[in-house]
Amino acid sequence: MSILTKYILKKYFLHFFIVLMSLELFFVGMDFLQNSGKLPSSANLQLLYLMYNGFFTLTLTLPLSLVFGWILTLVIFVRNNELVAFTSLGAKRFNIYFPIIVISLILIILQIAIQMTPMAYSYEQKKKILDGNYFTNTKSDIFLKYNDNFVYFKRLIPLKKQAEGIHIYKVKDDDIVETIIAKKAYFQNDKWYVLDAKVVKKPEFMNFETSKLEVRHEKFLVTLDGFKPKILDNVYEDKSNFSVLDAISAFILLSKQDINTDKIRAAIYYDIFMPFFIIPLIMLIFIFTSYNRRFFNMGTFTSFSIFTTLVVWGVFFMLHKFSNSGVIKPEFSLLLPMFLWFVLSLFIYKRKSRN
């Protein structure tokens, strides 16, 4: 790593950290002040609320801070005539902004990795604390299809990985051939273990005189491989978020059932691809920066750069909401615009470079 790269990264990290902390404190602080009257009196729960809110806000503030920190760094470089000094030392445009792109990519990948952990559900956790339901998490009357089974849970407890009031109907050729009824079941080793189950099996060939239902009782029954409680919880809750891993698992699971996966695909695309919208912005902001302080209007440049960043982010956020509500297919509302955004940015960059 050259001395120039170390110097640029040192300055950039300082400004990025200042912007990130400022945005985090602003959003988390404003939210806390607005909801302080609704929060429980427990100091531990209030600290947990701040922590969850901080992680949730990070998905917004981190990408924006990467761009805003770069804008601030460039303004200071121009004001101190440092960009002119860099070029005088033989540095090319690529040598100046490429280290920033590398660091931004690393931090974005780190953010995606966090979205694969339970911290991806920070919004749900902070909402439970706000609603006074942090220690209780249940869903009632869930009815879903899984492979050849229709599953009904009277009560689902995702955190404990337990269910109560279970009815499992096995269907073959549009006909119910077997029914499993039990009071309790728990999820372990990627399987559901049903306790004290009553199994009712219908004869394959019906005969009025000889046919009868086969009824047996099982103390311990293993069924529904891969039917994860957290996936059930999120699919059932329309406004729930997914972690990346749970979203992929839910997509694989529901695809096999021929169930619409638009919402899940939108969550996957948004978490994995959406943060990368800042990479073209870093290049475009730099290419529109003047090296000469005398011909550089810092106020106009800063305002226009921040405005453009917020507009681009707002467009992608709006498209995500459209795809999440099922208005537009996520491939057309997220992937295609992201591809077009990269192509358009590259075109503008090359044209501006030639001029």
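Student: Where is Asn-81 placed?

Tutor: In this predicted model, Asn-81 sits in the loop between helix 2 and helix 3 (82-88). Its phi is near 60°, a positive value in a residue other than glycine.

Student: What makes Asn-81 partly exposed?

Tutor: The relative accessible area of Asn-81 is 37%. Buried requires under 20% and exposed over 50%, so Asn-81, at 37%, is partly exposed.

Student: Why is Asp-196 called exposed?

Tutor: Asp-196 has a relative accessible area of 52%. The cut-off for exposed is over 50%, and therefore Asp-196 counts as exposed. Asp-196 lies in strand 5 (residues 191-201) and has a positive phi of about 50° although it is not a glycine.

Student: Why is helix 8 called roughly antiparallel to helix 10?

Tutor: The axes of helix 8 (residues 262-272) and helix 10 (residues 298-324) cross at roughly 155° and come within 8 Å. Angles over 145 degrees count as roughly antiparallel, so helix 8 is roughly antiparallel to helix 10.

Student: Which residues make the contact between helix 8 and helix 10?

Tutor: Helix 8 contributes Asp-262, Lys-263, Ala-266 and Tyr-270, while helix 10 contributes Phe-317, His-320, Ser-323 and Asn-324. By class, the residues of this contact are three nonpolar, three polar and two charged.

Student: How do you know that helix 8 is mostly covered?

Tutor: Nine of the 11 residues of helix 8 are buried, where buried means under 20% relative accessible area. Among them are Asp-262, Lys-263 and Ala-266, which also take part in the contact with helix 10. In the chain as a whole, buried residues make up 43% of the 355 residues.

Student: What makes the pair of Phe-56 and Tyr-123 tilted?

Tutor: Their ring centres are 5.0 Å apart and their planes are at 40°. Pairing requires centres within 6.5 Å, and planes under 30 degrees apart would be stacked, over 60 edge-to-face. Phe-56 in helix 2 (residues 43-79) and Tyr-123 in helix 5 (residues 122-131) are 67 residues apart.

Student: Why is the pair of Tyr-97 and Tyr-349 called edge-to-face?

Tutor: The angle between the planes is 80°, with 6.0 Å from centre to centre. Since planes over 60 degrees apart count as edge-to-face, the pair of Tyr-97 and Tyr-349 is so named. Tyr-97 belongs to helix 4 (residues 93-114) and Tyr-349 to helix 11 (residues 330-354), so the pair ties together parts that are 252 residues apart in sequence. Both Tyr-97 and Tyr-349 are buried. Ring pairs also link these two tyrosines into a cluster that includes Trp-70, Phe-94 and Phe-286. The whole structure holds 18 aromatic pairs.

Student: Which residues does UniProt assign to the feature "transmembrane region"?

Tutor: The unreviewed UniProt entry places this feature at residues 12-30, 50-75, 96-114, 267-289, 301-320 and 332-349. In the model, residues 301-320 are 100% helix and 0% strand, with end C-alpha atoms 29 Å apart. Residues 267-289 are 70% helix and 0% strand, and their end C-alpha atoms lie 35 Å apart.

Conventions: Residues are numbered from 1 along each chain as its sequence is written. This is a predicted model: local features need pLDDT of at least 70, side-chain atom pairs count only at pLDDT 80 or more; totals for chains, interfaces and linings use all residues. Side-chain values use heavy atoms; hydrogens and water are left out. Axes are lines fitted to C-alpha atoms, for helices over the stretch in contact, and angles run from 0 to 180 degrees between N-to-C directions. Helices (H or I, at least four residues) and strands (E, at least two) are DSSP runs, numbered from the N terminus. Angles under 35 degrees count as roughly parallel, over 145 as roughly antiparallel, 65 to 115 as roughly perpendicular and the rest as oblique. Contact means heavy atoms within 4.5 Å. Ala, Val, Leu, Ile, Met, Phe, Trp, Tyr, Cys and Pro count as nonpolar, Asp, Glu, Lys and Arg as charged, and the others, Gly among them, as polar. Buried means under 20% relative accessible area, exposed over 50%, partly exposed in between (1.4 Å probe, protein chains only). UniProt positions are given in the numbering used here, feature names are shortened, and annotations may be inferred rather than shown by experiment.
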